[in-house]
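This briefing reviews one protein chain for a reader who wishes to inspect its side-chain interactions. Please consult the sequence and the coordinates alongside the text.

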Amino acid sequence: FIFWKKGGSFFQPPDNAAVSMHGSLYLLGVTKKDEGYYECSAINIVTGTLRSSRKAHLFVTDEELSPITPMFIVTPQDITAQVGEDIEFECITNTGSDVQWERIGDMSLPISSSILNNGALKITKIEEYFGG
């Protein structure tokens, strides 16, 4: 079963919102009162286990955004991997524009990394020194 939270509290979706049968929250004709932090929580009705997503911040502006203003649809998530595994970081924008990857601290990307057609960063055979 899926619940939605806004501002850390469970809420009943307002009239301008709909929740799909898969649990996605759709807000139609957003206004300033829709602005805030949203998170999805799922409960396993058999075990009672509750898990929550990361919080996503909805900003509502009066300014019209240019159709070429890139916005993130999917942002990279933290990954914990064991040495020797392959990993993939996803990053998707609304414009489909090329994503550029860089490593924090002016370190170059591992030689075993490549950018996939969908813009994801793939690193093969993780080494311990790749962390960061």
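The points below cover confidence, cores, aromatic pairs, charged residues and backbone geometry.

The structure is a predicted model. Its chain has a mean pLDDT of 81, with 90% of the residues reaching 70 or more. The largest nonpolar core has eight residues, and the whole structure contains two salt bridges and three aromatic pairs.

**Confidence**

- Confidence in the chain is highest in strand β9 (residues 87-89), where the mean is 89.
- The lowest confidence belongs to strand β10 (residues 92-93), at a mean of 76.
- Where pLDDT is low, predicted coordinates should not be read in detail.

**Nonpolar cores**

- Ile87, Cys91, Val99, Trp101, Leu121, Ile123, Ile126 and Phe130 make up the largest nonpolar core.
- Apart from this core lies another, of five residues, including Ala17, Leu25, Tyr38 and Cys40.
- Ile126, a member of the largest core, touches Gln82, Val83, Gly84, Glu85 and Ile87 when residues up to four places away in sequence are not counted.

**Aromatic pairs**

- The count of aromatic pairs comes to three, and two of them are described here, beginning with the edge-to-face pair of Phe11 and Tyr38, which has 5.9 Å centre to centre and 70 degrees between the planes.
- Phe11 lies in the loop between β2 (9-10) and β3 (17-19), while Tyr38 belongs to strand β5 (residues 36-43), so this pair ties together parts that are 27 residues apart in sequence.
- Tyr38 has a relative accessibility of 8% and therefore counts as buried.
- Phe89 and Trp101 form a tilted pair, with 6.3 Å centre to centre and 40 degrees between the planes.
- Phe89 is in strand β9 and Trp101 in the loop between β10 and β11 (113-115); this pair links distant parts of the chain, 12 residues apart.
- Phe89 is partly exposed, because its relative accessible area is 23%.

**Salt bridges**

- Lys32 and Glu35 meet through their side chains in a salt bridge of 3.7 Å, N to O.
- Glu35 is partly exposed, with a relative accessible area of 29%.
- The side chains of Arg54 and Asp78 also meet in a salt bridge, at 3.3 Å, N to O.
- Arg54 is located in the loop between β6 (50-52) and β7 (56-58) and Asp78 in the loop between β8 (72-74) and β9, so their pairing ties together parts that are 24 residues apart in sequence.
- Both Arg54 and Asp78 are exposed.

**A buried lysine**

- Lys5 is found in strand β1 (residues 2-6).
- With a relative accessibility of 13%, Lys5 counts as buried.
- Lys5 has no salt bridge, and the nearest side chain of opposite charge, that of Glu39, is 4.5 Å away; a salt bridge requires the side-chain nitrogen to lie within 4 Å of a carboxyl oxygen.
- Setting aside neighbours within four places in sequence, Lys5 contacts Phe10, Phe11, Tyr37, Tyr38, Glu39, Ser41 and Ser52.
- Lys5 and Ser52 are 47 residues apart in sequence and 9.3 Å apart in space, C-alpha to C-alpha.

**Backbone geometry**

- Lys125 has a positive phi of about 50 degrees although it is not a glycine.
- Most residues other than glycine have a negative phi.
- Lys125 sits in the segment after β12 (121-123).
- Lys125 is exposed, with a relative accessible area of 59%.

Technical notes. Residues are numbered from 1 along each chain as its sequence is written. This is a predicted model: local features need pLDDT of at least 70, side-chain atom pairs count only at pLDDT 80 or more; totals for chains, interfaces and linings use all residues. Side-chain values use heavy atoms; hydrogens and water are left out. A nonpolar core is a set of buried Ala, Val, Leu, Ile, Met, Phe, Trp, Tyr and Cys residues joined through side-chain atoms within 4.5 Å. Buried means under 20% relative accessible area, exposed over 50%, partly exposed in between (1.4 Å probe, protein chains only). Contact means heavy atoms within 4.5 Å. pLDDT is the predictor's confidence in each residue, from 0 to 100. Helices (H or I, at least four residues) and strands (E, at least two) are DSSP runs, numbered from the N terminus. Rings of Phe, Tyr and Trp (its six-membered ring) pair if their centres lie within 6.5 Å; planes under 30 degrees apart count as stacked, over 60 as edge-to-face and the rest as tilted. Lys and Arg count as positive and Asp and Glu as negative; His and the chain ends are not counted.
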